[in-house]
Amino acid sequence: MLKSVHIKNFRSCKDVELEGLGHMVGLVGRNGAGKTTILRAIEWMARTALRTKGFADAFREVQVGEAFADPGIAIDLEIGDYVYRYSYDHFLPTDEHGRDPASDSEVLYVVGAAGWAPLFERDDDEVVLTGRENTIELNHSAAVMPALASLLPEDDPLQEHLRRVMAVLRGIRYYLG
């Protein structure tokens, strides 16, 4: 179940936080208030996390007027006895000609006895798995969670967390009514 959402720089949502979400949530407001943008941002994050749509296509969603900003979204999920936080930030090229490469930052946390504990952290092409010595080099256009699920042994403790979160993300859809 989606517990909270924090959206930054996605279309008209410059810095929007929704907390205390439950099994059913209603977004109410006038036309143009941003209800659809919130739903599109959540769907964009799920597609981007799993790379279920072309990588370049996913970023057409973030355009705000004629300008682009660095989009990011963080969600808290309650799945069974676990609470997860997935955070994704995309940093667009810094010069007007797009010469500096875009970069990504992703983190998947789980709540433990001591609070939020990262399961993995991605900084552009480098993925760090908590409690492990080696880092994994992964092209920034590849999805971390599916890649880890295919690379790690089936009995790896991280697999169950990845399966839970990916199942929820796969189920996120925005249907135009």
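Start by selecting K8: with a relative accessible area of 30%, K8 is partly exposed (that label covers the range between buried, under 20%, and exposed, over 50%, using a 1.4 Å probe and protein chains only). Before you go further, note that this is a predicted model, where local features need pLDDT of at least 70, side-chain atom pairs count only at pLDDT 80 or more, and totals for chains, interfaces and linings use all residues. Residues are numbered from 1 along each chain as its sequence is written, and side-chain values use heavy atoms, leaving out hydrogens and water.

**Stop 1: K8 and its partner**

K8 lies in strand β1 and D89 in strand β4 (residues 82-91), so the pair ties together parts that are 81 residues apart in sequence. Strands here are DSSP runs of E, at least two residues, while helices are runs of H or I, at least four, and both are numbered from the N terminus. Is D89 buried or exposed? D89 counts as buried, at 13% relative accessibility.

**Stop 2: K3 and E78**

Next, pick K3 and E78. These two form a salt bridge as well, and their closest N and O atoms are 3.6 Å apart. K3 is in strand β1 (residues 2-10) and E78 in strand β3 (residues 72-79), so this pair links parts 75 residues apart in sequence. K3 is partly exposed at 29% relative accessibility, and E78 is partly exposed too, with a relative accessible area of 31%.

**Stop 3: E43 and its neighbours**

Now jump to helix α1 (residues 35-50), the place of E43. E43 is buried, with a relative accessible area of 10%. Which residues does E43 touch, not counting those up to four places away in sequence? Select I172, R173 and Y174 to see them (contact means heavy atoms within 4.5 Å).

**Stop 4**

Move on to helix α4 (residues 157-170), where R163 and E160 sit three residues apart, about one turn of the helix. R163 forms a salt bridge with E160, with 3.3 Å between the closest N and O atoms. Both are partly exposed: R163 at 33% relative accessibility and E160 at 37%.

**Stop 5: α3 against α4**

For the contact itself, select M145, P146, L148 and A149 of α3, then L158, Q159, L162, V165, M166 and L169 of α4.

**Stop 6: zoom out**

Finally, show the whole protein chain. How many helices and strands does the protein chain have? There are four helices and eight strands, and along the sequence they follow the pattern β-β-α-α-β-β-β-β-β-β-α-α. The protein chain has 177 residues, of which 40% count as buried. Among contacts with a separation of 6 or more, residues 24 or more positions apart account for 44%. As for salt bridges, the structure holds nine.

Terms used. Salt bridge = Lys/Arg side-chain N within 4 Å of Asp/Glu carboxyl O.
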